[in-house]
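Please keep the model open while reading.

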2 protein chains.
Amino acid sequence: MLSQRLQVLQETLQKLLRRGAKTHVERLLGRSRPADIAVVMRFLDDRQRRQIFDLLPDDEARAETLTELDGHLVGEVVADRPIEELAPVVASMSADDQADVLSELDDGLRQQLIDALMPAEAEEIEELLEYDPETAGGIMSPDYFALPEHTTAREAIEALQATEDVEMAFYIYAVDEPGHLVGVVSLRALVTHPPNTPLSEMMESDVISATVDTDQEEVARLAARYNLLAVPVVDHGGTLAGIVTIDDVIDVIREEATEDILKMAGADETAYEGHSLWKNFRVRAPWLFATWLGGLAASVLIGAFESQLEATVALAAFIPIVLGMGGNVGAQTATIIVRGLATGRVSGGVGLTYMVRETGVGVLLGSLYGVLLAGYAVFRYADAPGGVGGLALTVGLSILASMTCSATVGAMTPLVFDRLHVDPAVATGPIVTTTVDVLGILVYFGTASLFIGNLG
Amino acid sequence: MLSQRLQVLQETLQKLLRRGAKTHVERLLGRSRPADIAVVMRFLDDRQRRQIFDLLPDDEARAETLTELDGHLVGEVVADRPIEELAPVVASMSADDQADVLSELDDGLRQQLIDALMPAEAEEIEELLEYDPETAGGIMSPDYFALPEHTTAREAIEALQATEDVEMAFYIYAVDEPGHLVGVVSLRALVTHPPNTPLSEMMESDVISATVDTDQEEVARLAARYNLLAVPVVDHGGTLAGIVTIDDVIDVIREEATEDILKMAGADETAYEGHSLWKNFRVRAPWLFATWLGGLAASVLIGAFESQLEATVALAAFIPIVLGMGGNVGAQTATIIVRGLATGRVSGGVGLTYMVRETGVGVLLGSLYGVLLAGYAVFRYADAPGGVGGLALTVGLSILASMTCSATVGAMTPLVFDRLHVDPAVATGPIVTTTVDVLGILVYFGTASLFIGNLG
C-alpha cells in the first residue's frame, strides 16, 4: 500500500511529465527523497522512468535513486546511455551498492563501467562481484573500521574522528598482524576506558561473525538474535573481509520473507518483474504440474470405483468437500510448520510434539466438520440407497479421516524435508496436495464400501 | 532450523539438568549468551525452564534472558516467584523491555512489580503500557537523546560523552522550548561543523517521524525505506515521546511477515504457543468453515446435475482435478497479490495491470493443463457416451475456463479488499476457495451439457 504522500508524488510527477513541464519536475525531484522517487518509479512506464532519471538534480541523487530502485528496473533505466554519463553516477556510490547495481547490468556495460572506475575501486568491486549475491560476501560492504589490537583507546578515538564515514562505524574491529579478526570494541567501551588501554584489553574476543559464504539469511538471523548493528565477515583464513550493516540486514529479512511466501505458492520474485506473461507462466507451471498429477491420480482412482458410483451417484456430490477440507487443513498445517522452521520456532527436537498436536487438531476439526456434513447428508439424501445412515456415516467419517491424515501429512512433510536438507518451502506444497488427494479418495470410497457398497 | 551450536547447548543443558549437575549448568549458563539461552528454553519443558532461570549467574542475565524469551513463556517462568526476587530483575531492564515483559504478566503481578520500581520509572512504564502494543507508542523506548535547538555542537558533544547509553544515541533530536521535535542532527554533522554552530543551523528540519498511534508495520517501513537507525515518535501535539530503534524494527518485520503468512492460511501466532490443542482448534476452525461452505455449495450443485452424472458417470472422475487446478492457480495468484500489497510492490494504481496479466497467465496455464487432461481423457475413456471427443472437449475446456476464472478472482479479491481497507491476508483465502469451487462446478457441468449432455 503506497502512502498518501507517495501517491500524491506519483500522480503529480505523471501529470507534469505528460504536460512536458520539465522545470516543475526538476524542482519537485530536487525536493523529494531518492528512496521515495525510486518507489514511485515502479509505478511509471519505461519512458517516464528514463525522463525522471534525466531530470534528477545531480549525479549523487541519480546514484541514490539507482541504489534504491528495484533490481530489474536498473538495467532498463541505464540502457543505451553513454559511459561518460553513467561513470560519475556509479563512482559516487559506496562499494557494496556499486556491486549491487552493476550485477543488474549486462556483461559488456558492467565491464565498461568497472574499467571507468579508479583502479583500486575497480579491484574492490570485482572481488565483491565474485561472491554469490545471496551470501555474506555478496551483501557485505568493504567499508569497515578495523585497527591493530595494540592501538590504544585514545588513538582509536582520534582515528575515528578522522574517518569520513562515522555514521556507519558502530564497532571497532581489532585485528592482529596478518589481519585476522580477533576482537570487537564498542564505542561505549572506548570512551569509558582510560586513554592508554589497548584495544586488546577491552575487546570482546568471542566475536559473532560470518564467513564470506554464510547464507544471507543466517547473517540476518545473527544480527536479529544478538541485536547487532553490523556483522563482521571473515574469509576462510579468518581475515576480516567486510561488514554487513543493519540496513542491508533489514532488506534481507524482507526479501527472504517474500521469497518464502511466494515459494510456498510455487511462484517467485519474477511475479513482480515487469509484466512478462511468459516468464511467469514458466515459473508457475511446474508447481501446478504436481497438482495436476494429484488430480489425475484422484481421477484414475475414482474411475476404479465407477461401479460404486453408478450404484450411488450421490457419492459424487461429496468428493469435492472431502478432498477440499483435507487439502485445506493440510495446507494450513504445512504453512505453520514451514514458517516455524524458517523462524526457528519449530526445530527437529520438537518436531514430533508438533506432529502429534497437529494430528490432534486434525481430529478435532474433522469431528466438527464431519458431524456438520453428516447432518446435511441426512437432510438432503434421505432416500439414498443403503439408507440415509450409510451415506451420512460415510461422508462424516471420511471428512474426519481425511482431515486427520492431511494434518499429519502436512506436519510431517516439511519436517522430513528439513531433515533431508531440502527447502521445505518449495517441496511441501505439491507433495501435500498430491498425497491428500490420493488418500482422500481411498478413504472416501473405502468408507463408502463399508457402509453403502455392500448394500448398494 | 536451530544452528549446530544451539542444538549442542540445548542437549548439554538437558543432560546436565537430568543429572542434577547444578554447578555445571551454572558454569555453562555463565559462558552462554542470554539470547541463545532464551532460544534454547523454547525447546525445554516448563520445569527445566524454571531451573535454568534459577541458575542464571545474576539478575542482569535473568533480565536479558526474560527480554529475549518468547512472550507466552515469560509468565510461566516467573509464576509464583516472590516479588523480592523479581523486582531487581525487572529493575535492570530498559524501559521498553520492562513494558514488553510486564505486558505478558497477569494484572496483579504486573501492578506489584510496577509498585516495586522507583516512582519515576513506574510512571514511565505505566505510560508505555497504555499504548496499543502494535503501535509506535507500544514499541518505542523513552531513552532518546534530545537537546534544545540552540545547543551548540560543542555542548552537544559534551552532553553525548556524559550520557550512559552512547550506543543507542544514533541521532541527536533538536527540540524547541515546549519540547516539540523540530530537527534531527547526525553524529557526522556534529563533528564536521564548527564547535559554536547551534543545532538549529545544522539540523535536517524535514524529520521523518511517527506518531504514537502509527501502526508498527508503518514504522518498520519508514526505517527500511529511509535506512534509519531510529525513528522518532511524537505525540499528537508534536512533542517528542520516544524512539523506535532498529533492533525493534527488525523484530517487527520478522513478526509481521510470520503473521501475514499464517493469516493467509487461517492460523496465527498461537500456533507456536505451548501445545494447546483447543486454542489452535478455535483459531483455525472459522477459516475452514468457509472451505466447508464452498464444498457444500459444490455438493449442492453436483446434486442438481445428478441426472447428467447418471448418464455419464465418468464425469465424476474429473471433478477433483477441475476444482483442484482452479483452486491452486487461484491461491497462487492471491498469494502474489497479497504479498505484493504488503510490500508495496503492488498498489491500487497498477492493480488492473496485474489483474490482466494474471488472467493471461491463467489462460496459458489452463491451455497447457487442459490439453494434457483432454489427452488423458481420450486415452482412458474411449468408450464414453457422446463419444470420446465430447468428454475430452469437456474436461479440457473446463480446466481452461476454471483456471482462467480462478486467476482473475485470485487477483481481484485482494485488490478489492485492499480498496475497502479490509486486510487482504485474512479475507482472501476463504473467498477465493469458495468462489472457485462454485464457478468450477458450474463451468464443468455447463460445458458437459454442451458437449455431452444433449447426446447422453
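How far apart do the C-alpha centres of domain 2 of chain A and domain 3 of chain A lie? They lie 52 Å apart, with the domain bounds taken from an automatic or database domain assignment. The bounds for chain A are as follows.

| Domain of chain A | Residues |
|---|---|
| domain 1 | 4-130 |
| domain 2 | 146-246 |
| domain 3 | 271-453 |

This is a predicted model, in which local features need pLDDT of at least 70 and side-chain atom pairs count only at pLDDT 80 or more, whereas totals for chains, interfaces and linings use all residues. Residues are numbered from 1 along each chain as its sequence is written, while chains are lettered from A and ligands numbered from 1 in the order in which they are written.

Between them, 90 residues of chain B are in contact with 90 residues of chain A, where contact requires C-beta atoms, placed from the backbone, within 7 Å. On the side of chain B that touches chain A, H19(B) gives the most, with 16 residues; helices here are DSSP runs (H or I, at least four residues) numbered from the N terminus. Because 100% of the interface residues of chain B are also interface residues in chain A, the copies meet through the same surface.

A residue is buried if 20 or more other C-beta atoms lie within 10 Å of its own, exposed if 12 or fewer, and partly exposed in between. Leaving aside residues up to four places away in sequence, Val244(A) touches, among others, Ala136(A), Ile139(A) and Val249(A).

In helix H5 (residues 59-68) of chain A, the buried residues include Arg62(A) and Glu64(A), and what covers the buried residues of H5(A) includes helix H3 (34-41) and helix H8 (95-102) of chain A. By contrast, Leu372(A), found in helix H20 (residues 348-380) of chain A, counts as partly exposed because it has 15 C-beta neighbours inside 10 Å.

Note on methods
Contact = placed C-beta atoms within 7 Å. Helix = DSSP H or I, 4+ residues; strand = E, 2+ residues; numbered from the N terminus.
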